[in-house]
Amino acid sequence: MQQSIDNIFAPDGQLARCLPTYEHRIEQQQMAHAVAQAIEEQRHLLVEAGTGTGKSLAYLVPFILWATRERKRVLVATYTKTLQQQLMEKDLPFLRERLGLNFRYALCLGTQNYLCPRRLSKTDQGGLFASREEVVQFNAIKAWARKTETGLLQDLDFEPLPGVWAQVNRQTELCLGKACPLYDQSFFYLARRQQSQAHVLVANHHLLFAHLAAGGGVLPPFDAVVLDEAHQIEEVAAGYLGLEVSNVQIHFLLEQLHSRRSGKGVLSGIPGVTAKQVQRLAAAAEEVRLATDAFFDNLLAKVGTKSTTVRLRHKNFIPHLLREPLTNLIAVLKDLRREIADEAGQVELEGYENRFKELNDGLESILKQDRDNHVYWVTIQSRPGVGRGPSSVRASLNMAPIDVAEGLRVQLFNAIKPVVMTSATLSTGGSFEFIKSRLGLDECKTLRIGSPFDYKNQVMIYVAEDLPDPSARNADFERQAIERAAEILKITDGRAFVLCTSHRMVAQTHAGLSEKLPHLRILQQGEMPRGKLVEEFRADVKSVLVGTTTFWQGIDVPGEALQCVVLMRLPFAVPDDPLVEARMESLQKRNEDPFYGYQVPQAIIMFRQGFGRLIRHRDDYGLVAILDPRVIRKRYGEMFLASLPECRSTGSLEAVKRFLESKRITATVDG
């Protein structure tokens, strides 16, 4: 395989011959060889490869060569939709069409993304919708169903209400499988048949971990895994190995089961169902509705109705008022399932029976706090436009494993080989020990590859040495940091991401910059969907985008639109976040320093992600402004700066101005 890789990636190889703009990157070729070796030795591999390496081709080529030769299947899982689209729409078609590699690939999406023809027909017959808007949307979906080739929600030209789509999409528990009279028309099974013939499957991290948490069956079988954007693995895994139960979730499920508004539900349209049976189900569902309101009223009385996150430290802190009503509803569903003769109806009733049983068991587990190595908490979120009182908040009970290492070791690393994990940011202080310990990677090879970009000439780092220490004088720091950011944005004339570490600071920074820079368009995270926000930012090259965690990573804006990244403060995780707090306590119990052993390395990885937003292409240039003075005043600050590539640095805005002016003149001349 190594010889084949050289034939493809060499300066005069296949890539160079079929792609006139191809630039040979020794880093890319080096990574491809390491991936090939991991495949041949069946060993796990961690690869940190700098921006511009061409990571996706470096892992795709050796895995495609292996999969086609050995009749194997590899799953490539990404964190962002952007990278998923790049793989499906650019990289994989290019390798198949231009390089002549004879392989098949398929996109894997969660089952709920597919239209179900049987449920569509049942909903049409049952007349489940009460509002005009719902009926209009349902009719639009019916019309679309007659012409769509994929049945995928993402291909629908409008975003349906959740309650409408939930009545017509495929749901695993409600599926008849091959017994379905419309099985041959099933969009999901059509996609699954294509996936079963593929050498390369593309999915996201969430679907992979849902598959692992379910013990398989969510995805087709696969023989190897690539986890791109692998710095996100721990957080995604914790979510899927944990549990959440919310008031909104229960009410949504009850509305599907039997709607208060329309009087219709799961029994509608089932042959032979009597009015008495419908009434029994309606009464049982209503009992759960009332108990849900009472249960969450008790919860809100304890923690309040303002948006907050509160860790639960005491067992049975509120009574389980839902236990008996849920048990009764489950019994009613079981009885009805035995009474009706319709097979499809039986499957749907059993599906709801299992869902409510999972809810009941989950609530029991959270209230009793009966799982070792888990943390428990409550999250309250206000719901604008819903009104006032308890119904205007989303209240959820949560639990998650404090440490995902053992779960990943058993379910992923011991079960599948090889697993290749890659990202631009996996190491801290030149070592992979932090990420290996967090993920339970006992044995794996590691490789660090630099970026082909010339950061020393392309980037200037500005550090605001004179601002107050945010850990000592936070209010003064935030006020002065916003003023300094405004000064910087005047020099750059917009063209900037301003990255914050909380939603509160996003709002505060957006307000301050809007007031100080009325001639610039200041976009704010949350004012529109993320994809639309990035499109607006790209379209207006003098705009500024203020965002938090989601914009520190996974956003790719090359060219003139982004020439400045302002890092408002070092991205330490909130120390009183329940999961962060529990992880730190766990380290303390093992006599390890939680600050240097967890908070600092985690923050460095995010810090490097934020820095990495700036240079996405060989021709890019610009400024990274670090406004948190702790980066030079604190001992740990050296670790943050040492994690960055070698760049010019300054504490002078005049030097920033001269650097950008010289770069713009050079770019104009070269252009």
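A helix axis here is a line fitted to C-alpha atoms over the stretch in contact, and angles run from 0 to 180 degrees between N-to-C directions. With that in hand, let's work through some exercises on this predicted model.

**Exercise 1. Describe how helices α3 and α4 pack, and which residues they bring together.**

*Step 1: geometry.* Two packed helices are described by the angle between their axes and the distance between the axes. For α3 (residues 26–41) and α4 (residues 55–70), the axes come within 8 Å and cross at roughly 35°.

*Step 2: handedness.* The crossing in which α3 passes α4 is right-handed.

*Step 3: the residues.* From α3 come Gln-28, Met-31, Ala-32, Val-35, Ala-36 and Ile-39, and they meet Lys-55, Leu-57, Ala-58, Tyr-59, Pro-62, Phe-63 and Trp-66 of α4.

*Step 4: classes.* Sorting the residues of this contact gives 11 nonpolar, 1 polar and 1 charged.

**Exercise 2. Decide whether α6 is parallel, perpendicular or oblique to α7, then characterise their contact.**

*Step 1: geometry.* The axes of α6 and α7 (residues 132–145) come within 11 Å, crossing at roughly 140°.

*Step 2: the label.* Angles over 145 degrees count as roughly antiparallel and 65 to 115 as roughly perpendicular, so α6 is oblique to α7.

*Step 3: handedness.* α6 and α7 make a left-handed crossing.

*Step 4: the residues.* Leu-120, Thr-123 and Asp-124 of α6 touch Phe-138, Ile-141, Lys-142 and Ala-145 of α7. By class, this contact has 4 nonpolar, 1 polar and 2 charged residues.

**Exercise 3. Find the largest cavity's volume and lining.**

*Step 1: the search.* Over the whole structure, 5 cavities of 30 Å³ or more turn up. The largest has a volume of about 130 Å³.

*Step 2: The elements giving two or more residues are α6 (117–126) and α9 (187–196), and α6 gives the most, with 3 residues.

*Step 3: classes.* The lining of the largest cavity has 11 nonpolar, 3 polar and 3 charged residues.

Methods:
Residues numbered from 1 in each chain as written. Predicted model: local features only at pLDDT ≥ 70, side-chain atom pairs only at ≥ 80, totals over all residues. Heavy atoms only, no water. Helix = DSSP H or I, 4+ residues; strand = E, 2+ residues; numbered from the N terminus. Left-handed = near helix turned anticlockwise from the far one by under 90°. Contact = heavy atoms within 4.5 Å. Nonpolar A, V, L, I, M, F, W, Y, C, P; charged D, E, K, R; others polar. 1 Å grid on protein atoms, 1.4 Å probe; cavity = no way out; pocket = protein on both sides within 12 Å on 5 of 7 lines; lining within 4 Å. Points joined across faces, edges and corners; volume = space filled by probe spheres on them. Parallel < 35°, antiparallel > 145°, perpendicular 65-115°, else oblique.
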